Amino acid sequence: MVCALGAAVCFGTATVLQAMAARAAGTGGGGEAALLLRALRQWRYMAGLALDGLGFLFQIVALRSLPIYAVSAALAASLAVTAVVAARLLRVRLSGTEWTAVAVVCAGLAMLGLASGPEGEEGGSDSLRWVMLAVAVGILLLAFAAGRLSGPARALVLGLGAGLGFGVVEVSVRLIDGLAPADLFANPAAYALLIGGGAAFMLLTSALQRGSVTTATAGMVIGETIGPAAVGVVWLGDRTREGLAWLAVLGFAVAVVGALALARFGEAPVAEDS
């Protein structure tokens, strides 16, 4: 669980930096890929990416030893980290209700930590690997079409798509059996991980720059928790400790609800310099 929490700290801090950089990048035209390239020129975005990379390493280690549902909830709890970082670095004042939401997230994670069993022993079928690749390609197509979306649902769609992309990464890590080049080349899950992760970053960058960050982050939390957790339980054999399934379900729900309550702390002010 320590690695999962380490990933949450990295991802939560990165969200603040990337939101600032995405806003500073401006609209500029050229679609979502062009927006991502402009954001990459911002030092805050690059620092956020470095933290994302470190968080991803923690995430891989966590997924190799914990059920997906526990890791997913911990990653959703990165929003609690975002809230604390925003309060510290951006001088955002948290109300008593918001500090309560942080405490709720922590309580949910504590319940999950007590109830979580070992990682499921089922390796996943080849069909599931191909399904993950198909989902990743679909999310990539959504990323390229994101510039055509409009209306109040735009931020929710972008955030949900980003969450699904990160969810594909979570599941794909479990579906990769070996790291030998020949094994990776022949495994559809390896391509799903790369495509899903890349598409998720494009969608998240667009959501942070052009839409309601609150709505987008809420959609991302939903997309990266519920689906992957279900796949882990149904197809990969993730289980809880004997007699503690109810505590795991309660802890998962509490952590996600608390994270959704904190979604607005993905909002960051426009940076004045780059």
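Author: A contact here means heavy atoms within 4.5 Å. This is a predicted model, in which local features need pLDDT of at least 70 and side-chain atom pairs count only at pLDDT 80 or more, while totals for chains, interfaces and linings use all residues. Residues are numbered from 1 along each chain as its sequence is written, and side-chain values use heavy atoms, with hydrogens and water left out.

Among contacts between residues at least 6 apart in sequence, 86% join residues at least 24 apart. The chain comes to 12 helices and 0 strands, where helices (H or I, at least four residues) and strands (E, at least two) are DSSP runs numbered from the N terminus. Of its 274 residues, 52% are buried, that is, under 20% relative accessible area, with exposed meaning over 50% and partly exposed in between (1.4 Å probe, protein chains only).

The patch itself is formed by Leu160, Leu164, Ile222, Ile226 and Leu260, which together have about 370 Å² of accessible area (Shrake-Rupley method, 1.4 Å probe, only the protein chains shown counting as cover). Helix H8 (154-175) and helix H11 (213-235) are the elements that give two or more residues to the patch. Ile222 lies in helix H11 and counts as partly exposed because its relative accessibility is 36%. Helix H8, by contrast, is mostly covered, with 18 of its 22 residues buried.

Notes. Patches are made of residues with over 30% relative accessible area and no salt bridge: like charges are joined within 9 Å, nonpolar side chains (Val, Leu, Ile, Met, Phe, Trp, Tyr) within 5 Å. A salt bridge is a side-chain nitrogen of Lys or Arg within 4 Å of a carboxyl oxygen of Asp or Glu.
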